[in-house]
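Biologist: Please put the model up, and then let us go through it by question and answer.

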Amino acid sequence: MNANTERNIALQAELCFLLNLLVAPGLAFIVLLLIARRHWHSDNELTRCHLRQAINGSIWSGVLLAMVSVLILAMGGLHSIYTWMILILYFICCHSVLILLGVWGVSQAATGKLYVYPLIGSKQW
């Protein structure tokens with residue numbers, strides 16, 4: 001495959017990460033897994049890097065947003081206003097950071113550069 005095709009695959013992976021956060025959670029992750037299944041053993045370092053970053057980022061996003069939210073609710077109780085205040089603040093801040101990281105990943109994939117998500121990314125691809 002040529003470099004433009006490989007860059008487009010990397011871009012698709014990063015866009016699926018963003019779609020998973022913003023528009024179609026779950027569905028975009030399934031599409032991302034299908035793309036990854038097809039190109040997982042690509043010879044191109046850019047494709048492998050962005051596919052693995054997008055998958056790791058999506059898994060960590062699910063854990064950070066869903067599991068931690070459930071933990072906050074379990075610890076604080078459903079009927080406490082403070083629990084809901086902490087939950088909403090946590091969700092908005094965490095979700096915003098993940099979106100910014102995703103936009104950064106899209107810009108790096110569009111320019112053909114390797115990208116590792118800070119803290120949640122895997123340096124091995």
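Modeller: A term to begin with: a residue is buried at under 20% relative accessible area, exposed at over 50%, and partly exposed in between, using a 1.4 Å probe and protein chains only. The model is predicted: local features need pLDDT of at least 70 and side-chain atom pairs count only at pLDDT 80 or more, while totals for chains, interfaces and linings use all residues. Residues are numbered from 1 along each chain as its sequence is written, and side-chain values use heavy atoms, with hydrogens and water left out.

Biologist: Is T5 buried, exposed or partly exposed?

Modeller: T5 lies in helix α1, residues 3-22. Its relative accessible area is 32%, and therefore T5 counts as partly exposed.

Biologist: What pattern does the protein chain follow along the sequence?

Modeller: Helices (H or I, at least four residues) and strands (E, at least two) are DSSP runs, numbered from the N terminus. The protein chain has four helices and zero strands. Read along the sequence, the pattern is α-α-α-α.

Biologist: What percentage of the contacts with a separation of 6 or more joins residues 24 or more positions apart?

Modeller: The C-alpha atoms of the protein chain fill a box of roughly 55 × 25 × 20 Å along the principal axes, and buried residues make up 38% of its 125 residues. Contact means heavy atoms within 4.5 Å. Among contacts in the protein chain with a separation of 6 or more, the share from residues 24 or more positions apart is 63%.

Biologist: Are α1 and α3 roughly parallel or roughly antiparallel?

Modeller: Two packed helices are described by the angle between their axes and the distance between the axes. Axes are lines fitted to C-alpha atoms, for helices over the stretch in contact, and angles run from 0 to 180 degrees between N-to-C directions; under 35 degrees counts as roughly parallel, over 145 as roughly antiparallel, 65 to 115 as roughly perpendicular and the rest as oblique. The axes of α1 and α3 are 8 Å apart, at an angle of about 5 degrees. The two helices are therefore roughly parallel.

Biologist: How many charged residues are in the contact of α1 with α3?

Modeller: On the α1 side, the contact includes E6, R7 and E14, and on the α3 side it includes H50, Q53 and L65. Ala, Val, Leu, Ile, Met, Phe, Trp, Tyr, Cys and Pro count as nonpolar, Asp, Glu, Lys and Arg as charged, and the others, Gly among them, as polar. The contact of α1 with α3 has nine nonpolar and seven polar residues, and the number of charged ones is three.

Biologist: What is the handedness of the crossing where α1 passes α2?

Modeller: The axes of α1 and α2 come within 8 Å and cross at roughly 160 degrees, which means that α1 is roughly antiparallel to α2. A crossing is left-handed if the near helix is turned anticlockwise from the far one by less than a right angle, and right-handed if clockwise. The crossing of α1 and α2 is left-handed.

Biologist: How many nonpolar, polar and charged residues form the contact of α2 with α3?

Modeller: Helix α2, residues 27-39, packs on α3 at about 150 degrees with the axes 10 Å apart, so α2 is roughly antiparallel to α3. The residues that meet are F29, L32, L33, I35, A36 and H39 of α2 and T47, L51, A54, I55, S58 and I59 of α3. By class they are nine nonpolar, three polar and no charged.

Biologist: With which side chain does the side chain of H50 make a polar contact?

Modeller: H50 is in helix α3 and, at a relative accessible area of 0%, is buried. Beyond its neighbours within four places in sequence, its contacts include A10, E14, G105 and Y115. A polar contact is a pair of N or O atoms within 3.5 Å; within protein, one must be able to donate a hydrogen and the other to accept it, and residues adjacent in sequence count only if both atoms are side-chain atoms. At 2.8 Å, the partner of the H50 side chain is the side chain of E14.

Biologist: How far from a polar atom of the side chain of Q53 does the backbone nitrogen of Y117 lie?

Modeller: Q53 lies in helix α3, residues 45-76. Q53 is buried because its relative accessible area is 0%. The backbone nitrogen of Y117 lies from a polar atom of the Q53 side chain at a distance of 3.4 Å.
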